[in-house]
Amino acid sequence: MQENFSNSTQNFDVVVAGCGVAGLSAAVAAAEAGARVAVLERSTYDERGGNTRYTTAALRMESEEAVSGDFVQRFLDNCGYHVQPDFAASTVLDYANWPAMVRALAFTDPELIVFFADNVPPAISWLKAHGVKFGGIGFYGLTPRASPRIAITGGGLHLIEVMTAHAEKIGVQFFYETAAQSLVQSTQGIVCGLRAGSKAGTRHFACRSVILACGGFQGNPEMVVRYIGPKGRYLRPVARGGYYDKGEGIDMALRAGAAPAGDFAEYHAEPIDPRSSATEPIVMAYPYGVLVNQQGQRFTDEAPGPIDASYEDTTRLIADQTKGIAFCILDNKINDIENSRRIVRSDQPPVTAPDVASLGRTLGFVGDAAQRAIDAYNRACPGGVFNPHTLDGLATTGLSPRKSNYAVPLDTPPYHAYPIISSNTFTFGGLKVNVDAQVVNQDGELMQGLYAAGETVGIYYGKYPGATSVLRGAVFGKRAGEHAAQQAAAVRLSRR
Ligand SMILES: Cc1cc2nc3c(=O)[nH]c(=O)nc-3n(C[C@H](O)[C@H](O)[C@H](O)COP(=O)(O)OP(=O)(O)OC[C@H]3O[C@@H](n4cnc5c(N)ncnc54)[C@H](O)[C@@H]3O)c2cc1C
């Protein structure tokens with residue numbers, strides 16, 4: 001629909017929806033390239049920054065100059081499902097020669113993965129040049145990580161504060177409590193504005209390019225259940241910021257013809273204590289005990305491998321249990337483990353009782369059945385030297401499901417239990433983009449004037465390559481801002 005913007009609020013070169021890492025990177029990059037930039041943000045100034053505000057911002061990197069050795073491979077391993085072989089083969093051609101069907105295909109294409117990996121170090125040095133600090137990171141696990149990490153010192157909040165201040169200084173205009181609702185397109189289909197809602201009513205923002213950086217849909221229960229299924233009822237964002245991400249960016253672009261990409265049925269899962277309102281109240285203690293469901297039955301191997309490589313699979317299984325909940329039962333030997341405090345970030349203490357039946361009565365699982373499950377588990381423990389600080393190989397024998405490490409009897413009262421649910425840290429389903437963060441439509445063509453970055457883009461399938469989502473926001477946000485600003489400058493030049 002073509003609209004007359006003579007009465008609209010303001011005109012900009014670039015309008016960015018959202019001010020997390022993706023939106024701020026886009027806005028700063030565009031403004032530095034000479035564009036007049038507006039950022040629309042649903043929240044108040046004090047709450048701005050969505051998920052980014054709350055992240056510890058672990059980054060899958062060996063150093064500030066190099067991504068982890070497994071970075072590209074982990075993406076290739078999780079780039080889609082059963083991709084038709086001739087489609088995959090056609091990606092050896094230059095992108096311009098790919099069949100339209102492949103350009104629109106819902107898989108993470110190699111071009112995008114390689115661009116992402118190659119552009120992480122430059123994005124880090126760009127953020128550093130703006131004052132964002134990087135350093136090491138503590139770990140919630142007791143064993144070494146499966147792959148290396150660095151982190152933003154001070155986490156995502158530090159990035160939000162530094163980049164907002166810089167954006168304001170270079171003239172980016174922020175509109176808080178203003179939620180992007182729908183795209184405006186010219187009669188030729190070129191995206192030329194955004195409609196947004198605020199307490200004052202609907203506002204129109206006319207522009208040459210829109211950059212959608214307004215998160216995933218973890219804050220929208222209707223979309224979560226629509227795409228992830230009925231278990232979506234039991235999921236909740238891992239921190240306050242995720243509640244702002246209601247999926248409008250994805251929805252408005254899909255309605256305008258964008259190609260979907262990313263795994264709409266999946267999400268990044270973390271095991272959290274439902275009794276806690278703290279940010280990311282993870283409970284990673286279960287490898288040293290057992291997990292039972294409401295029926296008091298074990299349902300998974302609690303210690304299949306390194307915790308950072310296995311917790312997502314375990315947590316998704318918790319989401320599949322009755323009411324999406326499980327219970328981690330430990331005995332008092334947990335208190336003998338050095339550093340055992342760091343495996344739980346919940347601010348709620350465990351429920352403690354002299355016997356498992358009492359734990360069940362307090363927390364709402366079948367205690368007698370849980371005790372029987374623990375008896376069977378205790379009988380299957382092999383004996384041997386327990387070592388919580390390595391994968392000790394103490395595995396149950398003849399038990400289903402087996403436990404592959406740390407199988408020592410739970411026989412020392414008092415017993416302790418934490419309830420655990422799955423958080424929905426962020427959703428995987430989003431929009432298909434090219435390496436310039438331009439949105440691709442269902443026919444494999446670029447949607448002129450439309451960009452997407454961060455969680456609004458779909459690049460994850462199956463298992464999340466951990467500690468890559470902040471990097472995704474920085475790399476593709478920055479690229480979107482640069483490209484959109486170039487396009488605006490080119491239009492200005494052509495009109496002189
Ligand atoms: C507790 C926690 C820990 C995490 N740990 C890590 C980690 O260690 N490493 C890692 O890589 N990733 C981690 N993640 C994930 C990562 O932080 C996010 O995926 C990433 O920061 C998302 O950035 P974004 O800019 O795409 O979205 P967000 O940061 O969520 O920003 C989106 C912004 O858009 C706004 N918005 C939403 N809808 C609209 C609308 N319609 N109009 C205008 N504005 C809108 C929101 O209010 C928000 O400010 C973690 C996340 C959380 C919550």
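This is a predicted model: local features need pLDDT of at least 70, side-chain atom pairs count only at pLDDT 80 or more; totals for chains, interfaces and linings use all residues.
Visitor: Which residues come nearest the ligand?
Guide: Gly18, Gly20, Gly50, Thr55 and Gly454, out of 46 residues around the ligand. A residue is near if its C-beta atom, placed from the backbone, lies within 6 Å of the molecule.

Visitor: How does that shell divide?
Guide: There are 18 nonpolar, 20 polar and eight charged residues. Ala, Val, Leu, Ile, Met, Phe, Trp, Tyr, Cys and Pro count as nonpolar, Asp, Glu, Lys and Arg as charged, and the others, Gly among them, as polar.

Visitor: Which elements supply at least two residues of the shell?
Guide: Helix H1 (21-32) and strand S3 (37-41) are among them, and so is helix H12 (469-494). Helices (H or I, at least four residues) and strands (E, at least two) are DSSP runs, numbered from the N terminus.

Visitor: Take S3. Is it buried or exposed?
Guide: Five of its five residues are buried. Buried takes 20 or more other C-beta atoms within 10 Å of the residue's own; exposed takes 12 or fewer; partly exposed is in between; C-beta atoms are placed from the backbone. Val37, Val39 and Glu41 lie on one side of S3, Ala38 and Leu40 on the other.

Visitor: Which strands pair with S3?
Guide: Strand S2 (residues 14-17) pairs with S3 in the parallel sense over four bridges. The chain crosses from S2 through H1 to S3, a right-handed β-α-β crossover. Right-handed means that, with the strands pointing away from the viewer, the path from the first strand over the helix to the second runs clockwise. Strand S9 (residues 173-176) also runs parallel to S3, joined by four bridges. Pairing needs at least two bridges found by DSSP.

Visitor: New topic. Where is Pro401?
Guide: In the loop between helix H11 (367-380) and S19. The peptide bond from Ser400 to Pro401 is cis, with omega near -5 degrees. Pro414 lies in that loop between H11 and S19 too. The bond from Pro413 to Pro414 is cis, with omega near 0 degrees. Most peptide bonds are trans.

Visitor: And what is phi of Tyr406?
Guide: Near 60 degrees, a positive value in a residue other than glycine. Tyr406 is buried, with 22 other C-beta atoms within 10 Å.

Key:
Residues are numbered from 1 along each chain as its sequence is written.
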